[in-house]
Amino acid sequence: MKTDLIPGGTGSCCQATGSGGNVISCCSRAALLFVFCSWCTSSVLFEFWLVPQNLHRTGSPVIRCIVFGAACTLSHMGAVLRKAVQSLPPHQTEVFQAVLEQLQWFAGQQIRNVAAVGGNIMTASPISDLNPVFMAAGCKLTLMDKGSASSLCQDASSVSFHPPTTFCVSSPQSQFISAFKQSPRREDDISIVTAAMSVTFSPGTDVVKDLRLSFGGMAPVTVLARRTRQQYAVSIRQWGEELLQEACSLLAEEMSLDPSAPGGMVSYRRTLTLSLFYKFYLRVLQKLSVQEVSSEETDTLDVQERNSLLRLQAVPEGQSLGDVVGRPIMHLSALKQATGEAMYCDDVPLYENELYLALITSTKAHARILSVDAAAAERSPGVVCCLFASDVPGSNITGMRQDETVFADGQVTCVGHIVGAVVADTQLHAQRAAKAVKIQYEELEPVEAIVAQSFYKPIRTIQCGDLEAVHNCLPGEIHIGGQEHFYLETNVTLAVPREDGEMELFISSQSPSDSQAFVAKALGVPANRVLVRVKRMGGGFGGKESRTSVLSTVVAVAADKLKRPVRCMLDRDEDMLITGGRHPFYGKYKVGFLQTGKVVALDVTFYSNAGNSMDLSQAIMERALFHMENSYSIPNVHGQGFICRTNLPSNTAFRGFGGPQGLMVAEAWITDVAHCLGRSAEEVRRLNLYLEGESTPYNQILHGVTLDRCWDECLSRSEYERRRAAADLFNRQNRWTKRGLAVVPTKFGIAFTATFLNQAGALVHIYRDGSVLLTHGGTEMGQGLHTKMVQVASRVLGIPCARIYVSETSTNTVANTSPTAASASSDLNGAAVLNACQTLLKRLEPYRTQNPKGSWEDWVSRTKDINLSANGFYRTPDLGYDFDTNSGRVFNYYSYGVACSEVEIDCLTGTHKNLSTTIVMDVGHSLNPAIDVGQVEGGFMQGLGLFTLEELHYSPRGVLLTRGPGSYKIPAFGDIPTQLTVSLLRDAPNDKAIFASKAVGEPPLFLASSVFYAIKDAVRAARAESGMTGPFRLDSPASAERIRTACCDRFTKLPGTFSPWSVRV
Ligand SMILES: Cc1cc2nc3c(=O)[nH]c(=O)nc-3n(C[C@H](O)[C@H](O)[C@H](O)COP(=O)(O)OP(=O)(O)OC[C@H]3O[C@@H](n4cnc5c(N)ncnc54)[C@H](O)[C@@H]3O)c2cc1C
């Protein structure tokens, strides 16, 4: 026998002996050893194969067996197996290929470079990806202890507990083995179900001798379907339909799951066991060449070359080279951010006497606090003090609607509700002590908002036309899940007390003025004592508009009490637990339409899950209502929005601010209309698009509509007709893989719907050396606002960008600012900067006139007695809307865009692949096309996460289960469409905003729904194979679970109803 030895990490020593397919003994510094053999009957000679090549090689040239030391990394193991696959006949490498198949989707390269195979086995994770392969392959493990060794076949009982092992895997000519991994996200994710399947036939026949099906994710350990295996050990069965039916029934019985199994998705996981077996069944059929099945099974996971295109706008002919407006100049912090030099809040150096704060939060969703015992915490090492409601010197009442508390007072209304805080010398000490605080609760029933009619007021309604006149309305509904902001930088505050009750705060906040007001109120001091400074944020996305105050008020109270600087940066799990996210929405509708596809009536009701406080939920619901018809002109509309009070952390602003939810419901009903009529959804959408001069349901006349231009350009750039024909052909040829396409428009209203917020200020100083310090009310969160503001100042003052600097945003330079939100910050702050710069130019005018040939520096240096500081202000004119009369102007203007996406779904697993997306976006005359394209791409990808991937899971007791990147998946590189083309619509000036530009931050996000509706289109094709036509419900996100379930077929019909591990909120 010959075996290759793969040492267990550097410096390990291996020596292999063994014979007849039984396992080889090994001595390695790591005590675990694996052997993969390509043949395993005692009559066959084994080879010892030494890898790396410089290791000892003996015996005949026939390679049969590879030995791995336990500390061999997965990357190394993969490299060795790949080499073996290249040099051995295919039938001898079935097992190696199955391991490689699994390694492809095993974590990421970095993890595979350090994770060792021994550690993976010994971790005994129920969702280990390798253990099912080892088990199905019938691997043998050698267990070693000082001087002694024993071997065993890896099966369910051995995986979890036995220490040192080696493997021996057989791969006779008549064995086929495949591995499968199904996870929420394809890249770098943990499995929902992982499986490996091996079948051995009697030589020269298709009669099954052994069938080993092993699964991860179906029990607390990796399991082998023993009863299914026993069946084929005793009965003679050929690989065919009869076996398929029988094996599926046995598997369905054997792979049952407890209703409350951790991870949830019980029905889906059970369906997957059957679906994956069916995939295996088809693969083996194909290999046996018993029948032609190649068109049945198309692997959806092949890697395609990525291809992205940008089409930027050109500046007008004749624009001077020095004029940077409209040019794609780089984000001014880009290099600093890429190199790590950019300073964020937590980079502020430690103060000498600084302390750290940790929060004490509720573990109950709704309860009365009976007692709080902080004695143990106060005795903990390094603890300086504990703080509770009675320690707040000013008002404990806080929040956007004054319906929250700094610290819970007698009652908690969500898990994560802040009850108190511990301040200590270090983060570790503070966090340890916070866990030592004992709170006794009397639990109260959580609120079921819709059942109990527990709604925040007002309940908004918008109505136009007459719904009574319309009959035969088609009903439907859709649920849109929430979303975590997942900014890279979590919420953070450093509070530094100064003299006379002054408090200086370094915060990562989109709304310094709100933070200032909340802190001043909690401390009981006037606003002029509180200075809030924001250099930049590591992402905000709305999550730092109002919810930063949850932390900053607590930190400020602690700093005030102790008269020492106090800092706190939330850990990811704390941030996810405490600060809320995008509102989940449930939309119910009735839509009336003509045979032509023209929609004539819409009745829609929205329910949003606001959580335990009002926060910004009213404005969010109003925006959802203002977007309920998306881009479609409908004469009769009734929309109503209910804001549900629930026992979850308060949900808040998130890019799009209710717009994407309202728009998403619109696309659900327009798709239903198309499905009902049996027409293409694109045809129906195009037919209903708004035209110039038409009126919205809230009576705003539309001017400068570019929807039709965006639509036509998008169809032409995406080659929609060609793609559609190709997809139809593909779908006819493939039963279990389907392609889908969707073209979706968006019309996004620009303005704060709270009219008074549509204002901004700026302060510009010119120093005698000619340099300019620019300050404005907006904050920088990576979106490039400061860069655009410098471009504006540069054009107005006529000086290069390099002469202008933005240091930070602070409440002592520009006061009473609006949050950086609603996509309107460039419009508002840009106009304020313009205003300030024009004032300064006017003051400089005499010097320019005196010396027209002089330089900027000449003029400025001569100005000894004029004020070279000016502030600017801007307020958007003519805004204001009244719900009672359904009149007034809600929005300043609209940003339009259209996207066409194509996807491919695997009907058996629910996996999907984003093949291509083409976006045409109207951003007016872009201030900076490089930044704007970045915003379009970024918004699109964030929307893609919202509509296809990201899922928050809550336990039935209101505990957030998804509190980190391990369980909550945002899009990865592989989720970016293989072909992504972004074009900015040319020659579309906007007369309502600075230099004819348009807002861009939020509008493109919804275009990602084109991926969702392309998936729905593919699911429609799959359902048609089962004879199902007409409208069907698909909730967002279109996760693998939902896609699989919607592709109804014989594997999805499993008996049983369960009470779930997690609930939808
Ligand atoms: C980001 C990330 C992604 C991941 N993705 C996946 C995935 O997709 N699929 C998957 O299956 N796993 C995944 N994992 C799990 C990971 O692969 C395992 O944790 C890894 O294989 C363990 O290897 P290690 O060398 O780090 O083991 P260690 O962490 O060092 O050890 C793990 C355990 O095994 C014991 N042990 C190690 N060697 C021996 C030995 N020779 N004898 C006896 N006991 C031993 C250790 O004492 C310890 O208890 C992921 C992990 C991370 C961090």
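Visitor: Why is alanine 822 called buried?
Guide: Its relative accessible area is 12%. Buried means under 20%, exposed over 50%, partly exposed in between, with a 1.4 Å probe and protein chains only. So 12% makes alanine 822 buried. This is a predicted model: local features need pLDDT of at least 70, side-chain atom pairs count only at pLDDT 80 or more, and totals for chains, interfaces and linings use all residues. Residues are numbered from 1 along each chain as its sequence is written, and side-chain values use heavy atoms, with hydrogens and water left out.

Visitor: What does alanine 822 touch?
Guide: Ala751, Phe752 and Glu1002, not counting residues up to four places away in sequence. Contact means heavy atoms within 4.5 Å. Alanine 822 sits in the loop between strand E32 (809-810) and H23. Helices (H or I, at least four residues) and strands (E, at least two) are DSSP runs, numbered from the N terminus.

Visitor: Why is phenylalanine 541 called partly exposed?
Guide: Phenylalanine 541 has 28% relative accessibility, so it counts as partly exposed.

Visitor: Which residues does phenylalanine 541 contact?
Guide: Beyond its neighbours within four places in sequence, the partners include Gln510, Arg655, Met781 and Gln942. Phenylalanine 541 lies in the loop between strand E23 (530-534) and helix H15 (548-562).

Visitor: Which residues does UniProt list for "binding site"?
Guide: The unreviewed entry lists Gln510, Phe541, Arg655 and Ala822. UniProt positions follow the numbering used here, feature names are shortened, and annotations may be inferred rather than shown by experiment. The listed residues span 313 residues in sequence, yet no two of their C-alpha atoms are more than 12.3 Å apart, so they gather at one spot.

Visitor: What makes a space a cavity?
Guide: On a 1 Å grid over the protein atoms alone, a cavity is a set of points where a 1.4 Å probe fits but cannot get out. Lining residues have an atom within 4 Å of a point. Grid points are joined across faces, edges and corners, and a volume is the space filled by probe spheres set on the points. The structure holds 3 cavities of 30 Å³ or more.

Visitor: What is the volume of the largest cavity?
Guide: About 70 Å³. Its lining has 3 nonpolar, 9 polar and no charged residues. Ala, Val, Leu, Ile, Met, Phe, Trp, Tyr, Cys and Pro count as nonpolar, Asp, Glu, Lys and Arg as charged, and the others, Gly among them, as polar.

Notes
On a 1 Å grid over the protein atoms alone, a cavity is a set of points where a 1.4 Å probe fits but cannot get out, and a pocket is an open set with protein on both sides within 12 Å along at least five of seven lines; lining residues have an atom within 4 Å of a point.
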